[in-house]
Amino acid sequence: MTTLFLLVPVALPVLGALVYLVFGWRPATAWVSAASAAGVLAAAILIAVEVAAGPRTAIAGLLRVDALSAFMLIVIGAVALLATAATPAHLRAEIDAGRATARTAARHSVLVQLFLAAMALAVSAADLGVLWIAVEATTIVTAFLVGQRRTRSAVEAAWKYVVICSTGIALALLGTILLNYAAQHTPATAGLDWAGLVASAHTLDPGVTRIAVALLVIGFGTKAGLAPLHAWLPDAHSQAPAPVSALMSGVLLSVAFYAVLRVKVIADAALGTGFTRILLVIMALASLLLAASLLLAQRDYKRMLAYSSIEHMGLLALAAAVGGPLAMAAALLHVLGHGLAKGVLFLSAGRILQTTGTSRIERVRGLAARQPLLAGCVGFGVLALIGLPPFSVFASELGIARAGFASGLGPVTAAALLVVLVIAAALIAHTSRMLLGSPPEGPGAATAVPRLPVTAGTALVAGLVVCAAIGVSAGPLSALLHLAAEILTGTR
Amino acid sequence: MSDTTYTQLLDLACGGLLLTAVLVLWRRELAVIIRVFALQGVALAALVGVLAARESSVELGAVAVGLLVLRAGVLPWLLYRALVGAGPALRETRPLVNVAASLLAAAVLALLAYAVAQPLVALAPAPATHAVPVGLTVVLIGFFVLVTRRRALSQLVGFLLLDNGITAIGFLTTSGIGLLVELGVSLDVLLAVLVLQILTTRMRETFGEADLDELRELHD
């Protein structure tokens with residue numbers, strides 16, 4: 001396999017974007033998006049097999065893919081396939097309802113493809129600078145997707161999203177510059193590439209590195225939706241079109257968190273594990289508490305899902321604070337499980353919004369009676385999200401908890417688990433109010449609800465089945481997870 | 001260039017950076033703020049120009065010219081266009097913190113920057129790294145403008161101040177972070193500003209005025 005193959009996950013979505021740019025949105029191009037996502041997933045799996053022997057580099061060392069990057073590429077491919085497979089049905093319903101035109105649908109597809117390319121570039125980048133550029137590019141591309149509907153609330157969400165995320169990511173740029181400064185003054189004069197930074201991490205100046213790492217963790221943490229700079233997330237995720245919410249919540253947050261994990265490897269070698277651990281524990285607990293407090297009385301189901309994303313990013317931050325091979329492997333499995341479950345839920349939420357016309361929890365009643373398949377997907381999706389077996393979130397949360405208790409972060413882990421339980425109770429209470437009960441009566445209630453399109457239904461069910469299957473047995477993924485966890489603990 | 005001239009020119013450029021940042025806090029007319037911001041772009045380009053002359057580096061000189069075009073030309077022009085579209089409301093009418101308190105805050109932020117930047121200066125003491133706290137002060141002032149101003153355009157200026165400060169630190173600590181990364185960063189900033197400018201226009205269409213106090217549709 002040539003090294004050019006590493007380019008496929010970035011190049012394929014760019015080609016997809018070109019197709020939509022030239023041909024627009026028509027029946028013949030409706031599935032190009034899903035085909036490109038499937039291609040990314042297939043390429044990611046082949047790359048994962050290839051890099052088991054060692055990292056590969058391409059285009060003059062700009063791209064460098066190791067087991068961790070390959071795993072993230074698989075996550076991107078899987079969630080993207082889920083979201084893009086449900087997109088044609090979503091866009092068709094929007095066009096039928098007059099909320100979109102063929103032009104906006106084409107623009108949506110172009111931007112989604114560029115979004116996928118930017119995320120793939122972020123995880124395959126060989127150095128921190130290119131990673132930064134790719135993460136900022138995701139903000140720019142998704143800004144238009146968030147504000148797509150051009151309503152007051154959509155424009156407001158887009159503004160907040162760009163201002164807060166760009167500011168957060170500007171802090172990460174300052175951190176990058178300072179880390180570069182520290183790296184220039186090591187005996188090896190390392191640049192910003194991961195391999196060089198990790199190799200010379202122990203010679204980095206601790207004072208400068210400490211400032212740089214704090215800025216990088218807070219900066220990329222902003223984009224990952226971690227407190228204290230999380231305010232953009234519930235707005236952006238609730239206002240974006242459903243497939244975009246699925247992608248933003250399912251993978252974009254994790255891609256930003258991937259940057260935090262990479263920085264942590266360098267920080268641990270340069271400063272010892274204590275510094276990032278304190279930083280991450282504070283951010284994790286703050287995110288969890290915030291998510292719990294705003295979930296308890298939540299009235300909007302899309303915002304409910306968004307706050308649940310903050311909770312799960314908090315759990316990932318906790319896993320990163322714990323460190324060690326078990327916690328790291330569990331965190332990566334959590335990224336995949338959460339991505340799939342949250343993807344299914346946001347897509348279902350989009351469908352509920354299209355059929356009921358409201359995003360208020362109390363106005364959606366008796367969903368189980370009116371749309372059984374959709375209600376089933378929402379019900380099982382929420383069960384997957386709160387970590388019920390056999391879904392993989394159960395396995396990963398168990399792994400994080402076990403590692404936490406074993407690592408001396410017992411009290412913090414116990415507190416986090418308590419908060420997670422409270423959140424689970426809140427999620428079940430809100431969801432059961434939507435699913436159960438008698439359908440609302442009144443004018444217009446008697447009209448027949450359009451059936452869930454077969455393609456969208458298949459995508460939702462498949463997402464849940466995969467999430468459950470990797471919970472039962474990770475199969476060949478577990479070898480990849482172990483390799484990636486070794487990279488993250490600096491033992492490889 | 002002799003050492004003394006180099007240090008003096010460097011300090012002059014950094015002084016320009018700091019002064020323009022404080023002026024943004026002081027003045028309320030958006031048109032004046034944009035002009036001050038353009039001046040800061042000139043100071044930033046001059047700073048990089050001095051470094052380029054010191055190192056006799058053509059590449060760095062080209063970067064300085066690029067910065068001059070982007071920060072003193074393109075970005076202020078984009079801001080000005082957004083301002084012209086805004087109509088008669090040309091003033092930052094009600095900042096969350098009044099001018100006197102803002103200037104006091106700037107002084108505190110400068111002290112903070114000097115305290116935080118100690119390890120940065122200590123790693124490689126040189127005239128250029130001694131100026132790093134100035135860059136950090138500009139970053140902090142930018143952040144302050146971003147969180148205390150209510151008009152969309154003022155927030156945009158705050159974001160750009162933050163960015164100028166970061167760029168200054170980048171060139172003061174090392175000679176930039178590689179041409180490719182530098183280009184990518186500049187492009188990203190330019191695009192972010194374009195996106196925000198488009199959003200300001202859309203906000204005016206949907207809200208009437210680009211006053212962020214009007215943003216209260218989304219909350220918990």
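## Cis prolines in chain A

A:Pro390 sits in the loop between α15 (372–385) and α16 (392–406) of chain A. Its peptide bond, coming from A:Pro389, is cis, with omega near 5 degrees. Keep in mind throughout that this is a predicted model.

Chain A has another cis bond to look at, the one that joins A:Ala227 and A:Pro228, where omega is about 10 degrees. Here the loop is the one between α8 (206–223) and α9 (232–239) of chain A, and that is where A:Pro228 is placed.

## Positive phi outside glycine

Next up are a couple of backbone angles. A:Ile59 is not a glycine, yet its phi is positive, near 35 degrees. You'll find A:Ile59 in the loop between β1 (56–58) and β2 (63–65) of chain A. Is A:Ile59 buried or exposed? A:Ile59 has 12 C-beta neighbours inside 10 Å, and the cut-off for exposed is 12 or fewer, so A:Ile59 counts as exposed.

Over in chain B, B:Ser56 also has a positive phi, near 45 degrees, and B:Ser56 is a residue other than glycine. B:Ser56 belongs to the loop between α2 (30–55) and α3 (58–85) of chain B. B:Ser56 counts as exposed because its C-beta has 9 neighbours inside 10 Å.

For a sense of distance along the chain and through space, take A:Leu192 and A:Ala286: they are 94 residues apart in sequence, and their C-alpha atoms are 31 Å apart.

## Helix α1 against helix α4 in chain A

Now for some helix packing. Helix α1 (residues 8–23) and helix α4 (residues 102–124) of chain A pack at an angle of about 165 degrees, with 8 Å between their axes. That angle is over 145 degrees, so α1(A) is roughly antiparallel to α4(A). The crossing of α1(A) past α4(A) is left-handed.

Which residues meet across this contact? On the α1(A) side they include A:Pro9, A:Pro13, A:Gly16, A:Ala17 and A:Tyr20, while among those in α4(A) are A:Ala106, A:Ser109, A:Gln113, A:Ala117 and A:Leu121. Sorted by class, the residues of the contact come out as 14 nonpolar, 4 polar and no charged.

## Where chain A touches chain B

The contact between the chains takes 37 residues from chain A and 36 residues from chain B. On the chain A side, α5 (128–146), α6 and α8 each supply at least two residues. Which helix gives the largest share of that side? It's α6(A), with 20 residues. By class, the side of chain A that touches chain B has 22 nonpolar, 9 polar and 6 charged residues.

## Annotated spans in chain B

An unreviewed UniProt entry lists several stretches of chain B under "transmembrane region", including residues 6–26, 33–54, 60–84 and 179–199. How do the spans 6–26 and 33–54 look in the model? Residues 6–26 of chain B are 100% helix and 0% strand, with the end C-alpha atoms 30 Å apart. Residues 33–54 of chain B are likewise 100% helix and 0% strand, and there the end C-alpha atoms are 32 Å apart.

Conventions: Residues numbered from 1 in each chain as written. Chains lettered and ligands numbered in written order. Predicted model: local features only at pLDDT ≥ 70, side-chain atom pairs only at ≥ 80, totals over all residues. UniProt positions renumbered as here; feature names shortened; annotations may be inferred. Helix = DSSP H or I, 4+ residues; strand = E, 2+ residues; numbered from the N terminus. Buried ≥ 20, exposed ≤ 12 C-beta atoms within 10 Å, placed from the backbone. Axes fitted to C-alpha atoms, helices over the stretch in contact; angles between N-to-C directions. Parallel < 35°, antiparallel > 145°, perpendicular 65-115°, else oblique. Left-handed = near helix turned anticlockwise from the far one by under 90°. Contact = placed C-beta atoms within 7 Å. Nonpolar A, V, L, I, M, F, W, Y, C, P; charged D, E, K, R; others polar.
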